[in-house]
Amino acid sequence: MISDLAFGKRLYTIAVLGAMLYCVAAWSMGLALFVLVIAGVAAMLTRFGTGTPLPRLVINIMISLATLWTLRNLADGSLDVDDFSVFITLLVLIKLFDMRSPRDEAQILTLSVFLGLGAILTANALELAVLLVFMCPLLVSVVMQHQLRAGQWRARGRMIDEKPDSKRRSPAARRDMRRLTALVVASSFGISVVVFILFPRGLGDSAFGAWGNPAIRQQTTGFSDRVELGIGGLISESHTPVLDVQIQRMDGTVIGGDDDHFYLRGAVLDQYKHGGWRRSNTANRGQTPWRINETDFKIGRTASPDRKMSITLRNAGFQTHLFTEFMPLSISSKQGQKISWDLQDFQVKRKGQPGRFVYDVYSSTRRPTNRRSHDRNPVDPPDITGLHALAVEALGGEVEPDPALRSSDDDDVAARKIERWLQHNFTYSLETNAAPNAAADPTLWFLTESREGHCEYFASAMANMCRSIGINARVITGYVVAEWNPLSDQYVVRESNAHAWVEVEVGDDVWWPYDPTPPADLRTIHHPEPGPLATISSFFGAIENGWNSFIVGYDASLRAGILGTDPERPWGSQEAAIANWRRYKDGGGALFIRAALNGAIVFLLFTLIGLLSAVAVARRNARREASNVDDPKLRARLMQVHAYTDALESLTMLGLPKPPSATPLQHARWVLDRNEQAGTLFADVVTLFYRVRFGGRTLSDDERRSIDASAETLRQLVR
Amino acid sequence: MPTQPGIDARIVRRYHAHMPGLLYIIVTVFLAVGAINGQNNLLFWAFGSAVGGLLLSGIVSGSAMMGVEIRRTSIDEVAAGEPLTIEYHVTNTNRFMPAFGLTIAETVRPTSKRKRKGEHSGQWGHSIPRPITFVAHAPAHGGASARAVVVPEHCGLLRLDWVTAVSSFPFGLVRKSSAMSRPATAVVLPRVVRIRPELIETLGSAGVSGSVTTNRLGESEDFYGLREYREGESLRRIAWKPSARAGELLTRQFAAPSPRRLWIVLDVAGETGAVDDIERAVTLAANAARQAHDAGFAVGLRVSGSPVTHAPRTGVSHLLNLLRDLALVEPRELDDRSPVGSEDTARNDAVMIVHAGAPREDLSAADTVLDATRADQYTLHEPAESQLPEPARGHQRRSSAIRHEVIP
């Protein structure tokens, strides 16, 4: 139906799009560049598959190399979706050099579809959806064209004396193909929507192991559960989203704005050694065992929460930190997971299927009283010479530096003093030089020589300074929540929002967060600059949030909301059937009626749209035909070309009747194939007929004589 | 002439499972399992799309095939070894749904008797490749034409029975076929070969011309008629007495001499030899008839052991009748006990006997005897013209074959 070259280009596009799907999902730009280069070479060498393919030996060697490469990866570990997808990508690229028959085309199409599936298994990013929107209609069109080519190729192999006529294009056929493609794409989209909505969620989760639940994006970086100071380099400014947060008061009011920011604590690091902070040995800590499949985890002390954070981790690893606001009281999640938390510092960890994870954190932001009823807990003083003096300097003589002489109520004041001293006297910088002397303590080097650094230096300095004057302190790593999206009523947290701050013990097991990073720099780094770019970013962020919430995050409760069913009872299960029957008997018939009505409404809507479209198209076509018949001027012009009708009659008598579906020109070509003389004469007639019928003009005397003569000669042929 | 005993309205529609569809179903099931296991919503969507594709594949192909009707519009009459063209016209009676990707093929439908030679029962793979063609697009409420070209290797009766349209459009998952009963027959004429010209030329002295007065103008001595004199003509032709009576000069016209008469006797009754020998005998007889006709003979045919007898005549249509009867010769149907010879043979007629190794006829009565088992001695190994004789005036003709309309 279309030329070989046009089909080849479309097939190449599908192959490249399939590979790009996976590259986007895996965020592998190197692979994407490789694909584009190789596809370009293949297109040049083989002219999009219409030229000579590479020799079989070369193809076999390439396939062997790809297989060995994959087996090598298998030897290093297990074969996962990434390895398999890369292997298929290589196969697709090799097949681009080996297009000899429709079977090769079918293989490329099939492998491209598998690449799409591999991409879906890898990540569910919005960019993937955009690519799929472009790829699916093209894929449908190419598959349908391929079927025609395959059938023609098979039949041609058994016919003789038939010249391939791949360049002949019929406008009617192209129009029908376009319409059919649109109908198929729209219908399959509608069916997929219905299946997507109706299919129950929550059944069979991980029944066959932990696979198939991809991240929204690839593994995130930025957050670290260790702090290593003294190493030069640049802190990541990556804008890759990590998680989404919606903050609510307990009455459901959403909290948010451009001026607010919050802290999500991840790792609690309480041991400073060799210029770095890490978590002390958990064997001595009060860590709870892994709690399985509970929906509500009571963490903190008994208190009523005043804030709820709904957090969506876009890509939680198998075992990862859960980020909470200080002070977390409880966590709830509808996804079956194992959660464990530290009984002392409430660091929370999660173990379960990697991928997207949604949970709610209930926390209390009210500052507890910092009265002490007993002596301070022992403090592990830092082994850094000169730190105490700096702490005394920071206190400015307003607070007693000796813990034995200082009131415990003043610990909070002392911590505040140190925090402000650091904020006002040091410079924040994302880029840091390495400490010149490896033996020197990096915190001391920051405080005495460099006087500039990133948040980890500030946090380490404050924590060490507090400890030097007998105040317990620890470094917290996590994220700053500051980028507010008014369109989605959520905050977006990115890799660049990773942050470090300090928690200080200000009372009996009472800890409070302090952030020594200069506030102006904190704002500059974590709050996006207002302007048109921020607005556009918010817009796309809202779209992405909608994608994540309603498509990627479509779950049983959303489904229940649409269908009006009970989210606790999956539709279709025996238990649900019994429960629903009981509910119906108890007067819950309205539930079923509503669900049935919802389904019927959706079905009828789609049917109505389809019927209205068909009626509109049919009426438009009928109007076109009717307008031609009723046109008196056209009728008058057509009277001049009665020779065309005579010619048709002559052809019928010669056994060459014109079928109704063929245009005059198509029929002239067809006649020419069978009878050159008759075809030439009829072509002359048709040429002039077209001028009258479609060109809107009358014939000159010479033209009229010419058309009559051609028709007469045709008549003579019959005799 | 090809026959069309009547179109049977039977249409058999079927769905066929094939490997791509089965693989597709397996992958769809895998998608469902993966979606349920991982609760991956995009996999649910992919599963829904796969289900949609399967449903639409069946609906589109099924609804398109429901309105498809096929008829043969023409079957060429060709000689063995020449391309035989069968033309089809596909009509799509669907109101909205166009039909795409139709493979049209003749379907195997064995006849009740399996013929040894000559009759092609549609058991493709033996004497005629299976005709198959492809229609890319048949618009809704419209039609399309296509043709299949095959090369029959043997002469005989070609029986066509059912025509099948198969389509796996749009996705190749489901194959739907629609078989229509369209019985028709055609004759494949004997292969065209070049016989040594001297075999025909020697017959020239045997068949005496001029023994019969013809009703055509010519230069024989037989009086034909009178017409007015034209300037420049020979004065010897003027008929003086009739001219005096008529008052104007009239000249005599004379009839054409009668052509030489040749009887070709095919003697294969009771032959138990190789099928190829019998076919060679038929081929020799046919080409002898053709070349003798071209040489101006009035050619007649007698098939020993059968009532097939054609008195010597001239004319293309007569020749074609001879060729058809030769093509339809079946030795098993010949009566090897029937008397030999014929009373129709005139004394001056030339006789050529063609046999396949076991003649029954009296060979001494023949002017020329051709033994098909030694056919190489009679034929020239140069490419023969692959054309049948030019038709006489009044006959319609297309390309190099005589086409017979097979339109109900």
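Let's start with a strand pair in chain A. β6(A) pairs with strand β7, residues 276–278 of chain A, and the sense is antiparallel, over three bridges. This is a predicted model, by the way. Within that pair, Lys273(A) sits opposite Gly276(A) of β7(A).

Now widen the view. The sheet is open and has three strands, in the order β1-β7-β6 of chain A, with antiparallel pairing. Which strands stand at the edges? They are β1 (227–228) and β6 (271–273) of chain A. Each has a single partner strand, so one side of each has no neighbour in the sheet.

Next, what lies across β1, β6 and β7 of chain A? That is helix α11, residues 455–468 of chain A. Helix α11 of chain A runs at about 80° to β7(A).

On to another helix, α14 of chain A, residues 556–563. Its buried residues are Arg559(A), Ala560(A) and Leu563(A). They span an arc of only 100° around the axis, so they fall on the same side of α14(A). Here is the background. An α-helix has 3.6 residues a turn, so residues three or four places apart point the same way. Just after α14(A) comes Gly564(A), with a positive phi of about 75°.

Notes. Residues are numbered from 1 along each chain as its sequence is written. Chains are lettered from A and ligands numbered from 1 in the order in which they are written. This is a predicted model: local features need pLDDT of at least 70, side-chain atom pairs count only at pLDDT 80 or more; totals for chains, interfaces and linings use all residues. Side-chain values use heavy atoms; hydrogens and water are left out. Buried means under 20% relative accessible area, exposed over 50%, partly exposed in between (1.4 Å probe, protein chains only). Helices (H or I, at least four residues) and strands (E, at least two) are DSSP runs, numbered from the N terminus. The arc is that of the directions from the helix axis to the C-beta atoms. Two strands pair if DSSP finds at least two bridges between them. Contact means heavy atoms within 4.5 Å. Axes are lines fitted to C-alpha atoms, for helices over the stretch in contact, and angles run from 0 to 180 degrees between N-to-C directions.
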